[in-house]
Amino acid sequence: MEATVGKVLGAGSGGPVVRRGVPEGSEEQVAALYWEAFGRKLAPALNPPDVGREFIAAHLHHDRGITALACGRVVGVAGYRLGGRALTGGGLKSVLSTYGLFRGLPRLAVLALFERTPAVGELVMDGIAVEAAHRGTGIGSLLLREIAAVAADNGCHRIRLDVIDVNPRARVLYERHGFTAVRTQQTPYLRGLLGFGAVTTMHRPVTEADALGTREAR
């Protein structure tokens with residue numbers, strides 16, 4: 001697991017601490033946050049919800065996430081894909097073991113729609129999930145800054161993410177942090193299945209300031 005880097009939101013006021021990695025024992029908290037944020041999209045592949053959350057919790061790659069903790073509990077998480085692994089895992093055998101052959105095969109086809117392979121020198125961000133009670137407090141911004149620091153630490157020159165058309169609030173956050181849209185793919189055939197009809201790919205360059213920030217954190 002990567003070394004922990006702690007940063008405090010509202011230092012001196014007991015604000016959330018952002019750190020690299022998913023703490024052992026918090027898998028169910030992270031899975032619950034992910035399902036709350038992305039459950040509409042994940043449901044066709046991982047329903048019913050209790051089984052889906054359990055599947056996510058059981059197949060997390062702990063070193064592919066940034067977490068925000070308040071009073072020792074995870075209240076925010078950002079996942080990323082790097083070096084062939086993402087925060088959420090679980091391959092063919094895991095899906096078939098959980099859902100069976102006939103129910104599992106169609107689910108694998110849906111999960112394949114979410115696969116995003118990074119280009120050389122690129123970190124792909126999976127998404128941000130923040131507990132409802134902590135939204136609007138700056139946690140999303142802190143998670144994004146730490147994602148940029150991870151990219152800099154790993155010699156990446158670019159961060160890439162996809163944002164769906166029904167999540168304009170996330171797009172505003174990404175734009176505020178230097179992401180720009182490079183293309184939009186219309187996916188009307190997915191609206192009935194996954195709840196969205198277009199996906200916009202956004203890029204953000206990794207800057208010297210990102211590298212400086214991670215050095216100062218040490």
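C71 lies in the loop between β3 (65-70) and β4 (73-81), where helices (H or I, at least four residues) and strands (E, at least two) are DSSP runs numbered from the N terminus. Before I go on, please keep in mind that this is a predicted model, in which local features need pLDDT of at least 70, side-chain atom pairs count only at pLDDT 80 or more, and totals for chains, interfaces and linings use all residues. Residues are numbered from 1 along each chain as its sequence is written, and side-chain values use heavy atoms, with hydrogens and water left out.

Coming back to C71, its phi is near 55 degrees, a positive value in a residue other than glycine. At 87% relative accessibility C71 counts as exposed, the classes being buried under 20% relative accessible area, exposed over 50%, and partly exposed in between, with a 1.4 Å probe and protein chains only. The other backbone feature I would point out is the peptide bond from N47 to P48, which is cis, with omega near 0 degrees; P48 lies in the loop between α1 and α2. As background, most residues other than glycine have a negative phi, and most peptide bonds are trans.

Helix α2 (residues 49-58) has G52, F55, I56 and A57 as its buried residues, and these pack against α1 (27-46) and α3 (92-99), with contact meaning heavy atoms within 4.5 Å.

Let me turn to the strands, where two count as paired if DSSP finds at least two bridges between them. Strand β5 (residues 122-130) and strand β6 (residues 158-164) pair in the parallel sense over three bridges, and E122 stands opposite R158 in β6. Between these strands the chain crosses from β5 through helix α5 (residues 139-153) to β6, and this β-α-β crossover is right-handed, that is, with the strands pointing away from the viewer, the path from the first strand over the helix to the second runs clockwise.

On to β8, which pairs with β6 in the antiparallel sense over seven bridges; here R160 stands opposite H203, and V163 stands opposite T200. Six bridges also join strand β7 (residues 180-186) to β8, again running antiparallel, with Q185 opposite V199. Strand β8 is mostly covered, seven of its eight residues being buried.

Leaving aside its neighbours within four places in sequence, T200 is in contact with L161, D162, V163, R171, A181, R183 and T184.

Finally, the whole chain, which has eight helices and eight strands. With 218 residues, a compact globule would have a radius of gyration near 17 Å, and the chain has 17 Å, which agrees; the radius is taken over C-alpha atoms, and the globule rule is 2.2 Å times the number of residues to the power 0.38. Buried residues make up 47% of the 218, and among contacts between residues at least 6 apart in sequence, 69% join residues at least 24 apart.
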